[in-house]
Amino acid sequence: MRIFEVKERTLLLINKLLEVWEDSVKSTHLFLSNEEIENIKKYVPQALNKVSHLIIAENENGTPIAFMGIEDKRLEMLFIKNVERGKGLGKKLLKYGIENYGINELVVNEQNLDAKGFYEHMEFEVYKRSELDEHGSPYPILYMKLKNI
């Protein structure tokens, strides 16, 4: 496996990452309907192209299996293919982001209990809560900071 920052964001790469995103969301965001996922999916390519630091994890075949986006020391996104979950990849990516990009803050859907628990395990704690997500939908968001900063 290889973890690296992408400099050139080609359409082919964005489409591969979109597949990772969709697979991940369908297995972790069980509170979203298929229609909501399809609606959100329209905005993902723009987010992938806009984020300052796009970090990818590839398997030995060079296929993306996970990615994260970082903006100003804040984790903006972290998605892992479902078949790769539970193997320590999220921990590797987040540690990489903390060590190389100074990640100290993130937001997570309150209803994504696995992600919330993972971030708590990685020493993040909730400091604020919002009833609505960034699109104004009724999915509470938790704002988390790295402990002891």
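The dialogue below treats ring pairs, charges over rings and the nonpolar core.

Tutor: This is a predicted model, in which local features need pLDDT of at least 70, side-chain atom pairs count only at pLDDT 80 or more, and totals for chains, interfaces and linings use all residues. Residues are numbered from 1 along each chain as its sequence is written, and side-chain values use heavy atoms, with hydrogens and water left out.

Student: Why is the aromatic pair of Trp-21 and Phe-79 called edge-to-face?

Tutor: Rings of Phe, Tyr and Trp (its six-membered ring) pair if their centres lie within 6.5 Å; planes under 30 degrees apart count as stacked, over 60 as edge-to-face and the rest as tilted. Trp-21 and Phe-79 are 6.3 Å apart centre to centre, with 65° between the planes, so the pair is edge-to-face.

Student: What makes this pair tie together parts that are apart in sequence?

Tutor: Trp-21 lies in helix H1 (residues 11-28) and Phe-79 in strand E4, so the pair ties together parts 58 residues apart in sequence.

Student: What makes Lys-145 a charge over the ring of Tyr-127?

Tutor: The definition requires NZ of Lys or CZ of Arg within 6 Å of the ring centre and within 35 degrees of the ring normal. The charged end of Lys-145 is 4.8 Å from the centre of the Tyr-127 ring. Arg-2 likewise lies over the face of Phe-4, at 3.8 Å from the ring centre.

Student: Which members of the largest nonpolar core touch the most other members?

Tutor: They are Met-68, Leu-75, Leu-93, Tyr-119 and Phe-124, of 23 residues.

Technical notes:
Core = buried A, V, L, I, M, F, W, Y, C linked by side-chain atoms within 4.5 Å. Buried < 20%, exposed > 50% of the residue type's maximum accessible area, 1.4 Å probe, protein only. Helix = DSSP H or I, 4+ residues; strand = E, 2+ residues; numbered from the N terminus.
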